[in-house]
Amino acid sequence: MRIVLLGAPGAGKGTVARLLSSRSGAPQISTGDILRGAVESGSPLGRKAAVYMDRGDLVPDDLILGLVEERLRGRDCEKGFLLDGFPRTIPQAEALGGILERIGAGLDLAVNLEVHRQLLIQRLTTRRTCSNPDCQEIFNLITKPPAGGGKCTECGAPVVQRSDETESAIATRLDTYLAKSAPLIGFYEELGILFTSRSVTKEDSLRDITGALERAGGASS
Ligand code: ADP
């Protein structure tokens with residue numbers, strides 16, 4: 001399966017991508033996770049990206065596009081991939097089209113996770129993330145709390161609030177989504193591969209997506 005996940009911050013792209021990835025073996029490719037890993041390591045890319053990320057703004061394309069192409073050329077992507085957080089703008093979607101043409105692969109589905117703004121804000125303010133760049137498990141103070149002492153249940157590293165999960169950065173991220181990323185829904189609708197899920201729980205979203213994939217004939221590819 002070759003899928004892109006669309007949806008506002010907090011819509012559940014990362015959670016759904018992880019579940020689909022563990023079921024199918026296709027890797028989850030999260031540009032947010034890759035960038036946070038770069039910030040953590042203090043690399044030149046990470047230092048440049050952190051300025052944008054902490055404000056809730058998009059990182060410029062010249063920092064992102066090469067990174068995505070290199071990742072998609074990885075051997076593990078022969079099984080397919082789940083793109084989570086990329087593309088985020090129409091130019092990025094066009095660039096992705098070019099990358100896939102060079103690789104000789106096409107998308108099966110663009111999944112749009114549609115969630116109310118009020119619920120998004122509630123999820124984002126209570127979200128916590130594992131600080132280990134190789135893990136980045138997602139927690140929620142209400143629905144999925146970390147282990148005692150604020151530790152990750154998967155790897156034991158401290159669980160933290162992301163630096164872009166302040167009230168003002170959250171507002172910027174939601175506004176940026178509406179202005180720059182929401183138009184992707186129309187873009188993929190025109191390509192005839194859009195599927196929208198309005199489910200609230202991850203189980204329901206997963207069931208919706210699995211059904212859509214079967215209809216698209218991509219479940220086993
Ligand atoms: P969310 O979807 O919850 O906002 P992500 O982890 O996907 O979180 O992204 C966090 C931040 O990383 C974004 O606010 C942005 O600064 C940067 N980022 C991630 N993916 C992209 C992308 N495709 N283009 C530009 N910036 C990106």
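A contact means heavy atoms within 4.5 Å. With that definition, Phe139 touches Thr126, Arg127, Arg128, Lys144, Pro145, Pro146, Cys152, Thr153 and Val159, not counting residues up to four places away in sequence.

## Basis of the model

This is a predicted model, in which local features need pLDDT of at least 70 and side-chain atom pairs count only at pLDDT 80 or more, while totals for chains, interfaces and linings use all residues. Residues are numbered from 1 along each chain as its sequence is written, and side-chain values use heavy atoms, with hydrogens and water left out.

## The chain as a whole

The chain has 9 helices and 8 strands; helices (H or I, at least four residues) and strands (E, at least two) are DSSP runs, numbered from the N terminus. The radius of gyration is 17 Å, close to the 17 Å that the globule rule gives for 221 residues, so the chain is as compact as a globular protein of that length. This radius is taken over C-alpha atoms, and the globule rule is 2.2 Å times the number of residues to the power 0.38. Along the principal axes, the C-alpha atoms fill a box of roughly 45 × 40 × 35 Å.

Of the 221 residues, 47% are buried. Buried means under 20% relative accessible area, exposed over 50%, and partly exposed in between (1.4 Å probe, protein chains only). Among contacts with a separation of 6 or more, 70% are between residues 24 or more positions apart. The chain exposes about 10,900 Å², and carbon and sulfur atoms supply 52% of this area. Such areas come from the Shrake-Rupley method with a 1.4 Å probe; for residues, only the protein chains shown count as cover.

## Two buried residues

Gly10 lies in the loop between strand S1 (2–7) and helix H1 (13–24). With a relative accessible area of 8%, Gly10 is buried. Gly10 touches Leu120, Arg123, Leu124 and Arg127, leaving aside residues up to four places away in sequence. Gly10 and Leu124 are 114 residues apart along the chain, yet their C-alpha atoms are separated by 5.7 Å.

Phe139 is in strand S6 and is buried, with a relative accessible area of 2%. Its C-alpha atom is separated by 27 Å from that of Leu45, a residue 94 positions away along the chain.

## Salt bridges

Side chains of opposite charge can pair when their charged atoms come close. The structure holds 17 salt bridges, each a side-chain nitrogen of Lys or Arg within 4 Å of a carboxyl oxygen of Asp or Glu. One of them joins Glu137 and Arg18 (2.9 Å, N to O). This pair links distant parts of the chain: Glu137 is in the loop between strand S5 (127–130) and strand S6 (138–140), and Arg18 is in helix H1, 119 residues apart. Glu137 counts as buried at 14% relative accessibility.

Glu69 and Arg73 also meet in a salt bridge (2.9 Å, N to O). Glu69 is buried, with a relative accessible area of 16%, whereas Arg73 is partly exposed at 49%. In another salt bridge, the closest N and O atoms of Asp204 and Arg207 are 3.3 Å apart. These two residues are 3 residues apart in helix H9 (residues 202–216), so about one helical turn separates Asp204 and Arg207. Asp204 is partly exposed, with a relative accessible area of 29%, and Arg207 is exposed at 52%. Elsewhere, salt bridges that share partners join Arg127, Arg162, Asp164, Glu165 and Arg173 into one network.
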